[in-house]
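Please read them with the structure open.

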Amino acid sequence: MSTENADATEIDATDGPDGSNDAGASATARGEPATDASDLDGEDLVLGYPNAPGPVIDGESIAAEPGAVTALVGPNGSGKSTLLKGLATQLAPEDGSVLVDGRDVHAMDTKALARKLGLLSQESTSPNSITVEDLVYHGRYPHRGFFERTTDEDAVAVEEAIELAGCGHLRDREVGSLSGGQKQLAWIAMVLAQDTDVLLLDEPTTFLDLHHQMEVMEIIETLRDESDVTVVVVLHDIEQAARLADRMVALKDGEIRARGAPEEIVTEDLLADVFRVDADVVQTENGPRVTPLRARHAESE
Amino acid sequence: MSGGRSVAGEGAARRASEGRIGALFDPKLVSVALASVAVVVAGGLVQVSFGAYSMTIGEAWRAVLDPAVLLDPRWLLNFVVGEGLMRSITGFQGELPELAHETLIVWNIRLPRVFVAAIVGMNLGVSGAIFQAVTRNELASPFILGVSSGAGLMILLTLVVFGGLSAFLPLIAALGGAVAFLVVYAIAWKNGTSPVRLVLAGVIVGTVFNSLQTGLFFFADDIGVVQSAIQWTTGSLTGTDWEQVRMALPWTAVAVALSLAGSRQLNLLLLGEQTAKSLGMSIEKVRFALSGVAVLAAAASIAVAGIVSFVGLIVPHMVRNLVGSDYKRVIVGCLFVGPALMVAADVGARLGMGVITGAASQIPVGIVTGLIGGPYFLYLMRRQQNMGEL
């Protein structure tokens, strides 16, 4: 009886005219040029927190380039994480709307949305005694019905996610026993197992050592080069952002100050304006290299 | 990703062979279950052997396993579903066959009390486990969202003010608990809830209701009423028989089935609200539904035993320390450890005073569970660095 139910929910659950939710479809799509990647648009978003006096983001629009990596950069308190939370529907917009492939996310069923749009939060907590593999299996939650057991499709998605995140050697370890960097890889594997068309990452490299920062960067590069997942990532490190992103969006005080290709964005003027630093910017083959010289103080501006 | 397929295939095969209940064949969980069953059986044997009419362990065994009952579906149905339903099921209209004196005592008086203890332990364990996940706090108990204070207030109101309704006391107490839970939820609700808001609302409602409850004690003019009220508000199994088993069993079955079905949702709640939401869980609905299941279990235990403290707090805690945090195992573990603790505590409640003072009086089992619970937490506090956060 449960198998029949399971099948029924699976059919009901599949939505979108192109059936792009099917794990099979996106699995075959990997490695192909970005053809039917998903759009993510935020239109005239007004985002704030219930107890704060005014909105953090006041009427900004943002469109993530389909199948590419869009990086949000900006100083502390510029609203980049808030914007990401708004796009991820963690924060309900006071005005404006978020559209995935033209459909308003707030009108979508939560599970259907979670098959389209994944989020890696900045702070993730889990019980210490859960194994990495079990954690990654939780990423399959939106693909399963209420009484459904894990299918071969789930197992394949989990294996691919674990391999892409490079945490196969951690599979049977308990999450509580991992280092910060290893934990982050496990969480990334979990959102990858979710197998979404759009992936939002909130400061995935912050607090990691250099090795794990590079690991995370490489995962995002793989997504960029070999799949048509649309990635939006908040990054603190502007050099990293420039190296990783196809497009960059720079925010300050809740406003989008600049958007475009990395070489257009990472300039000495922009660093002075948005980040309030004097810096040397040198274009290298690994992208622009930023050498911060000094902080600009209010009186010197 | 070229090499990924073969690895994926193996993993899929491994998962598939484990299946849904595969996770339960965990050596730790199995040994916890076996040890708990051993405690229940040992405690049960002590309970049926000793009392006003003493018999040897051998006689007690023979009475429990008396074929005149075990092999006679009429007697079994008579106990489990009641005489009326037994007669309509079996169509039997005559007199039931005579039973030996020992068998009658064991089956009519002593055994049902053991069953009620086991059922109460199950309910409280499962209820506590769910509330600990919902509030993401391992110090949560089944009574954290106002259930005990609502039930306690209704118990006092019934006993002191509406004495005529005392026949319906179990039902009224359970309903009082459920209503208090709804009040707590309504207070905590403001565009959704959060664990902290729920717990705070529980404290608010608990404080007010407990004050009212204590105030009502002043209007009790009869020491018997006060004693009865104390029995209900501390939890007691004195005088329970098959009627209590029949009352609690259906609700227990429903609550246990629902909590097992919800174990995956509980696991996801443990990953935090943000993650659960981004994985597509309708977090408010799930949280309310799971809390409702936990309240149902708690209410079923209140209806038959009153407000037994600490069991729902310790049991999930012990189980988690033994089998890990996977809620499928935690819930199943609670189904075994809860009865073990409750049956053992009831041995102390029923026979302890007799051993210590020689008097034949019984104390409410809630007093014994409190006496066990305090030291257990002292031990945990000394051993563990961080407590509280799940």
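Which residue in β9(A) is the bridge partner of A:Ala71? The answer comes in point 3.

1. Ground rules. This is a predicted model, where local features need pLDDT of at least 70, side-chain atom pairs count only at pLDDT 80 or more, and totals for chains, interfaces and linings use all residues. Residues are numbered from 1 along each chain as its sequence is written, while chains are lettered from A and ligands numbered from 1 in the order in which they are written.

2. Chain A overall. Chain A has 11 helices and 12 strands. Helices (H or I, at least four residues) and strands (E, at least two) are DSSP runs, numbered from the N terminus. Of its 301 residues, 45% count as buried. Buried means 20 or more other C-beta atoms within 10 Å of the residue's own, exposed means 12 or fewer, and partly exposed lies in between; C-beta atoms are placed from the backbone. Take the contacts in chain A between residues at least 6 apart in sequence: 67% join residues at least 24 apart. A contact needs C-beta atoms, placed from the backbone, within 7 Å.

3. Partners of β3(A). To the question above: A:Ala71 has A:Met248 as its bridge partner in β9(A). In that strand, A:Leu72 is bridged to A:Val249. Strands β3 (residues 69-73) and β9 (residues 247-252) of chain A run parallel, joined by four bridges. Pairing requires at least two DSSP bridges between two strands. β3(A) also pairs with β8(A), in the parallel sense, over four bridges. There, A:Leu72 stands opposite A:Val234.

4. Burial of β3(A). Five of the five residues of β3(A) are buried. A:Val69, A:Ala71 and A:Val73 lie on one side, A:Thr70 and A:Leu72 on the other, and both faces are covered.

5. The whole sheet. In chain A, an open sheet of six strands runs β6-β7-β8-β3-β9-β10, with mixed pairing. Its edge strands, β6 (117-120) and β10 (255-260), each pair on one side only. Twist averages 15° from one strand to the next. Helix α3 (residues 80-87) of chain A packs on this sheet and touches β3, β7 (198-202), β8 (230-234) and β9. The direction of α3 makes about 145° with that of β8(A). Axes are lines fitted to C-alpha atoms, for helices over the stretch in contact, and angles run from 0 to 180 degrees between N-to-C directions.

6. Nonpolar core. The largest core holds 187 residues; A:Ala71, A:Val136 and B:Ile130 are among those touching the most other members. A core is a set of buried Ala, Val, Leu, Ile, Met, Phe, Trp, Tyr and Cys residues joined through C-beta atoms within 7 Å. Helix α7 (residues 101-134) of chain B supplies the largest share, 18 residues.

7. Chain interface. In all, 28 residues of chain B are in contact with 30 residues of chain A. On the chain B side, α1 (4-18), α13 (263-269) and α14 (273-278) each supply at least two residues. α1(B) gives the most, with seven.

8. B:Glu138 sits in the loop between α7 and α8 (147-161) of chain B. Why is B:Glu138 counted as buried? Because it has 22 C-beta neighbours inside 10 Å.

How values were computed. Two residues are in contact if their C-beta atoms, placed from the backbone, lie within 7 Å.
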